[in-house]
Amino acid sequence: MKFTVSSSALYSHLSAASKVMGAKNSMPILDCFLFNVRDNKITITASDSEKYFITSVEIIDMTDDAMFCVDAKKMMDSIKELAEQPLTFEYISDTHELLGFHQSGSFSVMSQDAEPFPLQQDINPDATQITLPTEALLNGISRCLFATANDEIRMVMTGIYIDIKNDHIIFAGTDGRKLVRNINRTVQPGFEGGFILPKKIASIIKSVVGKDCESVVLNFDNEKALIQAPEFELYFRLIEGRYPNYNAVIPVSNPYQATVDRASLIGALKRVSVFCNQSSGLMKVHLENNLMKLTGQDNDYATSAEENLYCEYDNSPISVGFSSQFMLEIANVMDCSNLTLQLADPSRPGIIVPAEANEQDEVLMLLMPMMLNE
């Protein structure tokens, strides 16, 4: 059988699907894409046995149906450098040979029988369903992803918690040292629920969901979830467990508040962090008389640096220690002109929020303090 497809469209979908594939798969067949050619489209499935990415490419022309597996790396490398053009494939079922023909040449790869490829389990028909605007989902992921934990001691903290309320939705991420809470009131689900989105899945969503996609549909039960977008379906297992009470660690009363230009703060943090202790990243933040003073030093190498920033601050002097790296990460993720640092005392967490509040899309970043050597 033969079929013709756009080279760039095929590569784009293969590239997206490949993001779920593992570096070392438990089954050799999972190093392959599953191609299902029928109904004038190629349905491509990629998996690592726990995650399944399914996407479809429209076919220009075809002669018959076919289903086969082809090595993912070989297929992508074969068409990666091709300019946009019609790409014709001929699949020889007797020998499992897949021939590719383009304007300047041809190539041949061996395919495999599709039978051993494990297929995804359908989501429970009684699963909870919610439709999310793409902008709300991507903003929540982008803001929370950096705050999730990397170690697997507490698996629940390696993902983003999506906390669904009747009239809003909350995205939360924490690793115990920093925390993000994003309350989006543009989404009003009308029910309550929640699940923990694995970090890997969040990264995939962030990279494959296009800005032109208006919304995605989330289906989830206690174990599995399915994300449906116009160009793909993504099946995956949820992280099981109870997510920490993120609201409990957020100080309610913070009398010390300083507002500073975000771009200036980022520049100062980058310069000071070079001179902070490389293992702890400890940096001193001192507020006094409309001035924010950032101080970093490394006694092991006898280096130090100090930066003075203008800020709006009229309370009594206060000093607190923070990780320069974490504070820089927070400042980089925020998408506003000015930031407000809120403090209760040097031993309690610091809160960083946009200076101009947005009631429909509320963002709060929390940073645990570090002990100053004074």
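User: In which loop does S49 lie?

Analyst: Please keep in mind that this is a predicted model. S49 has a positive phi of about 85° although it is not a glycine. As for its place in the chain, S49 is found in the loop between β3 and β4 (52-58).

User: Is S49 buried, exposed or partly exposed?

Analyst: Buried residues have a relative accessible area under 20%, and exposed ones have over 50%, with partly exposed residues in between. The relative accessibility of S49 is 35%, so S49 counts as partly exposed.

User: What is the phi of D39, and is D39 buried or exposed?

Analyst: D39 lies in the loop between β2 (32-38) and β3 (41-47). Its phi is near 55°, which is a positive value in a residue other than glycine. Because exposed means over 50% relative accessible area, and D39 has a relative accessible area of 61%, D39 is exposed.

User: Which strands are joined to β11 by bridges, and by how many in each case?

Analyst: Strand β11 covers residues 159-164 and is mostly covered, since six of its six residues are buried. A hairpin joins β11 to β12 through four residues, and β12 (residues 169-174) runs antiparallel to β11 with four bridges between them. Strand β14 (residues 193-198) also runs antiparallel to β11, and here the number of bridges is six.

User: How do the axes of α3 and α4 lie, parallel, antiparallel, perpendicular or oblique?

Analyst: Helix α3 (residues 134-144) packs with helix α4 (residues 199-208) at an angle of about 130°, and their axes are 10 Å apart. Angles over 145 degrees count as roughly antiparallel and those from 65 to 115 as roughly perpendicular, so with this angle α3 is oblique to α4.

User: Which residues make the contact of α3 with α4, and how do they divide into nonpolar, polar and charged?

Analyst: The crossing of α3 and α4 is left-handed. On the side of α3, the contact is made by L137, L138, I141 and S142, while α4 brings A202, I205 and K206.

Methods. Residues are numbered from 1 along each chain as its sequence is written. This is a predicted model: local features need pLDDT of at least 70, side-chain atom pairs count only at pLDDT 80 or more; totals for chains, interfaces and linings use all residues. Side-chain values use heavy atoms; hydrogens and water are left out. Buried means under 20% relative accessible area, exposed over 50%, partly exposed in between (1.4 Å probe, protein chains only). Helices (H or I, at least four residues) and strands (E, at least two) are DSSP runs, numbered from the N terminus. Two strands pair if DSSP finds at least two bridges between them. Axes are lines fitted to C-alpha atoms, for helices over the stretch in contact, and angles run from 0 to 180 degrees between N-to-C directions. Angles under 35 degrees count as roughly parallel, over 145 as roughly antiparallel, 65 to 115 as roughly perpendicular and the rest as oblique. A crossing is left-handed if the near helix is turned anticlockwise from the far one by less than a right angle, and right-handed if clockwise. Contact means heavy atoms within 4.5 Å.
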